[in-house]
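Me: I want to learn how to read a fold from its coordinates. Can we go feature by feature?

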Amino acid sequence: MDFFAIHDSISILHLLLFSTMIIRYLTTLEYPSNYANRTQVMKMSEAFAERADFVLYVSEAKVSQKNIFQLYGVRTPFRFEVLALSKKKPRAIRAAFALKKIVDASPEGTVFYIREGLPAFFLLVISSRFRNNFFYEAHSFSRHSLFFYKNIFRYARGIVATNLSKAEVFKKRFGVAVDKLLVAPNAIDLGDFKDIPTKVEARRKLALSLDKQIVVFVGKPSAERGIDLILEVARVLGDEALFLAVGGSESEIKKLEIIPGFQNIKFIGQKPHSEVATYMAAADVLIGPNSGKFHDLSLYASPLKTLEYLASGTPAILSAIPAMQEMVPDEFATFATPDVPQIWVEHIRRILTHRVEAEERASRGREYALMRNWGSRSEKILQFMQKTII
């Protein structure tokens, strides 16, 4: 270790012992967006900000920060800086030089947090200060060349993996030491789910029928999330249940109009994060039919809606893919074979006709999920940072 690396280590140690940790979260993300990673970053930023000297940097904000906070259900505003990064190619390199200015201007002892591969790689090349003081939250290891990831993993002080299977790959393929690796799955917003309304209250609030049986899907209406299966299940069930799909843009929804089953679903579109929990509470059944046809997602994802479904206290049917099964023990939800509509039809009918059993299971699942919130996740990561740096 050279003099500069030693100096940085001593500075951070002093900071941890005598002051609040300083964290700068560096991203090139644009807000708002219907991509789930925007929600994850916003929720973690709010949790970090409650426990550290914190600033989030983003590329673009298309609406006011106040509106962004409302849309993503942020209750405690935090420092949020818009960089207006250039979109000209090579974008990642341009972004790295812009982010380097933030690194250079940050207080002594700052810890840098980042989750995007290319900006992280180029930053560690051009900034020794970043190279000696960053933590990487790894959501992928296959989007870019292995060369990039190998160097990111080599220089990062610590790696946060959102999935056990992914952590195993980091250890075996990239040689990441166990003490440099933390597994921290995605979580829930405790504020959204702690005092969730009853089914009747939720339906009245949303002007939904009190008599109909309602099946709800929350998420982007994409092939990865099983939209083809959802449309077929809705077609088969017909008038047996009202199907609601919450999420997706107008253009994404419009593309589905020609597919059988579309007329059997009421597409709600994107809603503020806090309102989504109300739709979950209004349902008789929640479905998370992520497809098993997408290898990396099936094995290495940490789906945000999985724990949220449990936290709502509503019976849930989830795809029997490793990523979902890792997050939720079998006793708290029903797991169904992905991409086989008839099996999902059968599970939905069973829950609708065996309500007491399903609701008891869902109640136990809710208690499990409430313990896995963004606040507890951020505390776990902060403790990991302190231990790793020291």
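Me: What covers the buried residues of H8?

Reply: Some ground rules come along with that. This is a predicted model, where local features need pLDDT of at least 70, side-chain atom pairs count only at pLDDT 80 or more, and totals for chains, interfaces and linings use all residues. Residues are numbered from 1 along each chain as its sequence is written, and side-chain values use heavy atoms, with hydrogens and water left out. Helices (H or I, at least four residues) and strands (E, at least two) are DSSP runs, numbered from the N terminus. Contact means heavy atoms within 4.5 Å. Buried means under 20% relative accessible area, exposed over 50%, partly exposed in between (1.4 Å probe, protein chains only). Now the case: the cover over the buried residues of H8 includes S7, H7, S8, S9 and helix H14 (295-300).

Me: Which residues of H8 are buried?

Reply: They are Lys166, Ala167, Val169, Phe170 and Phe174. Viewed down the axis of H8, these residues fall within an arc of 155°, so they line one face of the helix. The arc is taken from the directions from the helix axis to the C-beta atoms.

Me: Where does Thr162 lie, and is it buried or exposed?

Reply: Thr162 sits in the loop between S8 and helix H8 (164-174). Its relative accessibility is 2%, so Thr162 counts as buried. Its side chain makes a polar contact with the side chain of Lys166 at 2.8 Å. Leave aside neighbours within four places in sequence, and the contacts of Thr162 include Glu137, His139, Asn186, Tyr300 and Arg377.

Me: Now the sheets. What is the order of the seven strands in the open sheet?

Reply: Start from pairing: two strands pair if DSSP finds at least two bridges between them. Here the order is S5-S3-S1-S6-S7-S8-S9, with parallel pairing. Strand S5 (79-82) and strand S9 (181-183) are at the edges with a single partner strand each, so one side of each has no neighbour in the sheet. The twist averages 20° from one strand to the next. Inside the sheet, strand S1 (residues 22-26) and strand S6 (residues 111-114) pair in the parallel sense over four bridges. Ile23 has Val111 as its bridge partner in S6.

Me: Which strands does helix H7 touch?

Reply: Helix H7 (residues 146-155) packs on the sheet and touches strand S7 (134-138) and strand S8 (158-161), with its direction at about 130° to that of S7. Axes are lines fitted to C-alpha atoms, for helices over the stretch in contact, and angles run from 0 to 180 degrees between N-to-C directions.

Me: What is the order of the open sheet of six strands?

Reply: The order is S12-S11-S10-S13-S14-S15, with parallel pairing. Strand S12 (265-269) and strand S15 (334-336) are the edge strands, each pairing on one side only. Strand S13 (residues 285-288) and strand S14 (residues 316-319) run parallel, joined by three bridges. Opposite Leu286 stands Ala316 in S14. Helix H15 (residues 304-311) lies across strand S10 (214-218), S13 and S14, at about 145° to S10.

Me: How many salt bridges are there?

Reply: Side chains of opposite charge can pair when their charged atoms come close. The rule: a side-chain nitrogen of Lys or Arg within 4 Å of a carboxyl oxygen of Asp or Glu. The count comes to 23 salt bridges. One of them joins Arg24 to Asp53, with the closest N and O atoms 3.3 Å apart. Arg24 is in strand S1 and Asp53 in strand S3 (residues 53-58), 29 residues apart. Arg24 is buried at 4% relative accessible area, while Asp53 is partly exposed at 31%.

Me: Which residues are linked with Glu30 in a network of salt bridges?

Reply: The network links Glu30, Glu60, Lys87 and Arg91. Within it, Glu30 and Lys87 have their closest N and O atoms 3.4 Å apart.

Note on methods:
Polar contact = N/O pair within 3.5 Å; in protein donor to acceptor, adjacent residues only side chain to side chain.
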